[in-house]
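The entries below follow the order in which I checked them.

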Amino acid sequence: MKHNILTATLGNTTFMLIVFVPLLLFFYVFYIGLNSTSKGALTIFATILLLFIPFFIMLSISGFISGWEIRGHTLNLTMSAVTTKLSVPSLEVGIINGTGWAIGSCRGGVHIPGVLLSATMNFKNGINVVALQHFSYNNFVVIHTPSCYYLIAHPEVEKLYAELLRLGATEKDFTSTFY
């Protein structure tokens, strides 16, 4: 079982919107800048050009390569904040709804509001987690190891949860952990 945010969760249409709409805007501004003789238009062109460079750098190295893969009894997680291999039989897993969580801060990763969250988060109750969330999907698989919590949310999260249980992970209720 393999899942990659770029190809599976975001899908071609969403990825094209995230990449190509800003790219088209960039080329439009570039075209206007090349055809302008006005000093003000050239300043605007240069400013927008400088704003787009970090966007494309971030896009090329961002959490769009985030995802997971199950090989045998090993869960491989690749998120912008962490890459790790976890032995499935040693995991505690649960599925919960994340609506109403008291998140303190996000750090180290990618957060495109409403599209993708792949970051380390700190809850107000002191728990630190590594999270991967697709769009605003609020059902999360919670994966707990002795050293870390991992949260994964997207439309197919129930399939991942069922596969982890089938491979020997221990089911646990995490409802009171994050509230």
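**Salt bridges**

I started with K172, which forms a salt bridge with E92; their closest N and O atoms are 3.7 Å apart. This is a predicted model. I then asked where the two partners of this pair sit in the chain. K172 lies in the segment after β11, and E92 lies in strand β5 (residues 92–97). They are 80 residues apart, so I logged the pair as a link between distant parts of the chain. K172 is partly exposed, at 35% relative accessible area. E92 is partly exposed too, at 27%.

I counted three salt bridges by the rule used. Next I looked up R71 and E69, whose side chains meet in a salt bridge at 2.8 Å, N to O. Buried or exposed: what are R71 and E69? R71 is exposed, with 54% relative accessible area. E69 has 17%, and I noted it as buried because the cut-off is under 20%.

Then I went to R166 and E163, another salt bridge, with N to O at 2.8 Å. Both residues are in helix α4 (residues 157–166). They are three residues apart there, so about one helical turn separates them. R166 is exposed, with a relative accessible area of 60%.

**Aromatic rings**

I searched the whole structure for aromatic pairs and found one. The partners are Y149 and F174, with ring centres 6.1 Å apart. Y149 is in strand β10 (residues 149–153), while F174 is in the segment after β11. The two are 25 residues apart, and the pair links distant parts of the chain. Y149 counts as buried at 16% relative accessibility. F174 is buried as well, at 0%.

**Whole chain**

I listed four helices and eleven strands. The chain has 179 residues, and 42% of them count as buried. For contacts between residues at least 6 apart in sequence, 53% join residues at least 24 apart. The accessible surface comes to about 9,600 Å², with 63% of it belonging to carbon and sulfur atoms.

**Confidence**

I checked pLDDT last. The chain averages 75, and 66% of the residues score at least 70. Where is confidence lowest, and where is it highest? It is lowest in helix α1 (residues 5–9), at a mean of 40, and highest in strand β11 (residues 170–171), at 96. Over residues 4–12 the pLDDT is below 50. I noted 26 contacts in the model for this stretch, beyond near neighbours in sequence.

Notes: Residues numbered from 1 in each chain as written. Heavy atoms only, no water. pLDDT = per-residue confidence, 0-100. Contact = heavy atoms within 4.5 Å. Phe/Tyr/Trp six-rings, centres within 6.5 Å; stacked < 30°, edge-to-face > 60°. Buried < 20%, exposed > 50% of the residue type's maximum accessible area, 1.4 Å probe, protein only. Areas by Shrake-Rupley, 256 points an atom, 1.4 Å probe, with all protein chains shown as cover. Salt bridge = Lys/Arg side-chain N within 4 Å of Asp/Glu carboxyl O.
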